[in-house]
Every structure is written in structure tokens, then in C-alpha cells.
Amino acid sequence: MTTEPISPAARLTSYAHGGGCACKIPPGALENVVADLIGAPVRDPAAELIVGLDDGDDAAAVRITGGRAVISTADFFTPVVDDPYDWGRIAAANALSDVYAMGGTPIMAINLLCWPMDVLPYEMAGEVLRGAQEVAGAAGCHVAGGHSVDDPEPKYGMAVTGLADPDRLLRNDAGRAGMPLSLTKPLGIGMLNCRHKNTGEVSREAIETMTTLNDVASRDALAAGVECATDVTGFGLLGHLYKMARASGVSAVIDPAAVPYLEGARQALADGYVSGGTRRNLDWVRPHLAADVDEDELLLLADAQTSGGLLVAGEIPGGTVIGELVPAGDAAITVR
């Protein structure tokens, strides 16, 4: 693993109680919070909602005139790395990913910035926004304004709007038994980010992975006729796969030996760099899990990712087949 020293005077991660998508509200608790919102009545809706809260998909989508769907999503989090420019790039790639995971093209984003005004310099916030602007620009997505507040803990992200074909959306409820499962980025981001927060060591491979857009994977999935996909972020591979299997009415089998990991991820686990979010992910999925592997392997599979890859029900170029969907059984996920 390539590492670089970071000046202790500029350690953004020291201002956050956690890092990146590992700071998400636990999935089980979140589902309880939003349960009463599912199917809430809307008076005279201006558009047809085709993807909403029901299955916890990556974004919302409405059908509009002209045979188009508008996709809407928002994502923001505390610093996952110490370099503000890299944090902005990672946050932007992560926010755009929800549109790609639905098979859409991002067209516009607005900034969401929380900043401790009397603690951290505005120039640092400017670097966060510059990094995000660069990634969004590379994606062909306009960044047009946003909202900011004074907050003791720095947070940054984007609300993103995208367009898609309403009849060609990638959804997490469209999986069918017999479909292979492909993963487009290696896991281990959460372990390496946890190491970074605690030691200052930087994994350039992790940063490169987090700042890589999921645009190519999304286009490849659509070209291959894929209908079911999600991205792997804060709930880990196991958490997002469980949501996919549950929404699709199937089960999943994972071959842990086939799952790719970033260099240094296993060593970070061995050294104890496991986030609370990763442990909560595993606790949530465990009642629905049958596993013939040890606890460490399960923690890797539950590792809370930030700006992870797509999990696709199908085979696509550049993806690694890690398992398959099978008829519904006693366990939603089997690891063997």
C-alpha cells in the first residue's frame, strides 16, 4: 500500500466523529424512521412516481412528458480523507453514483456544505468545492449553486438531478434467480479510510477508487440489458445485497474467494481498523445470513464503502462475478 504523510495541522478527519458513508444512520433504524412515509398520499401530483421509498433504491425517479424520467438524489458526509480537494472529489463521485446506479445521466448538481466558520479557513472549503466541481465537470454535470450552514462538524455533498429512460431504469427490485452477481470496484475502502483517520496514512489506491465515476459501469450494464443494480456504499456489500435480494424476492450466494479487495484492506482489518458503521451493517444482516466463513471475512463483506462500485445482476465488462441470485430460501444471503 502506498502511503503519504499528512500534516497534523490540516487533519480534516479529526473534526469528524466518523468518516464518509460509515457515518450513515444504521439501515434498520433508518427503515423504521421512514416506514410511515412510504405510500403517503400526494394531492394532484405533477408527475408519476416510478421509484420511491418502497424498496430503499438508490434514488427517486418520476416519469415526465417526452418519454423521460427525472432522477433525484442527495448524498453528503463528514470528511473521509484529510485533503480537502480529495474529499470534494470523493463526495461528488459518491453523490453522482446514485444516478448512475439507476441507469441515468447526471445533468445538474447543487452543493450541500456544512462548515465550522470559526475553526477551519474558508480557503479549505473552497478546495472542497473545487474538487467536487472538477469531478462533476468530468461527468458532464453542471454545478449550479447550493446551500451552506455554519456547523461544528464539516460535512459536504451534493443533491443531483439526472435523466433516464423510464423503461430502462436499473432497479434493486428487478433481480431474478439464475442471474450472476458482478461487482465493479474492489472492497476495503472503509477499512483503509478508518486506518487513515487513526494514523494519517494515505492509500492512493483507495482515493483513486473513490474518485472513479461509475458512469462506464452504468452504460455497460444498460448495453448488456441489465435491469437490476445498486451501488455499494455505506451499508456494505452485504447490506446492499440484502436489500436487493429482499426487494426482488430472491436469495443470493456469494463466493468470498472471488470478491476483490484493495491492497492493504486485510492488513487494516488485522490491525483493528473497523468502523462502527461496518459492525452495525453486519449486525443488521446477520439474522438473514448463512455463512461458512469466519467473522473477519464477514466484516470485510460488510465494510462500509464510500463511493464504491456497482453491484449488478448480470455480467458486464470490467466487473468481477462474485456470486449469483438463487430462488428464495431460508437465508437471504449465503456466503460459502
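How many salt bridges does a search of the whole structure find? The search finds 15 salt bridges. A salt bridge here is a side-chain nitrogen of Lys or Arg within 4 Å of a carboxyl oxygen of Asp or Glu.

Before you click on, some ground rules. This is a predicted model, where local features need pLDDT of at least 70, side-chain atom pairs count only at pLDDT 80 or more, and totals for chains, interfaces and linings use all residues. Residues are numbered from 1 along each chain as its sequence is written, and side-chain values use heavy atoms, with hydrogens and water left out.

**Stop 1: the sheet.** Select the strands. Strands (E, at least two residues) and helices (H or I, at least four) are DSSP runs, numbered from the N terminus. You see an open sheet of 6 strands in the order 1-2-3-6-4-5, with mixed pairing. Two strands pair if DSSP finds at least two bridges between them. Strand 1 (48–51) and strand 5 stand at the edges with a single partner strand each, so one side of each has no neighbour in the sheet.

**Stop 2: strand 4.** Select residues 105–115. Strand 4 runs antiparallel to strand 6 (residues 155–164), and 9 bridges join the two. Find Pro106: its bridge partner in strand 6 is Gly162. Now look towards strand 5 (residues 142–150), which runs parallel to strand 4 and is joined to it by 7 bridges. Here Met108 stands opposite His142.

**Stop 3: helix 3.** Follow the chain from strand 4 through helix 3 (residues 122–138) to strand 5: this β-α-β crossover is right-handed. That is, with the strands pointing away from the viewer, the path from the first strand over the helix to the second runs clockwise.

Stop 4: Select Arg195 and Asp271. They form a salt bridge, with the closest N and O atoms 2.6 Å apart. Arg195 lies in helix 4 (residues 189–199) and Asp271 in the loop between helix 8 (265–270) and helix 9 (276–285), so the pair ties together parts 76 residues apart in sequence. Is Arg195 buried or exposed? Arg195 is buried, at 8% relative accessible area, while Asp271 is partly exposed at 40%. Buried means under 20%, exposed over 50%, and partly exposed in between (1.4 Å probe, protein chains only).

Stop 5: Select Asp173 and Arg171, whose side chains meet at 3.0 Å, N to O. Finish with Glu48, Arg63 and Asp167, which are linked in a network of salt bridges.
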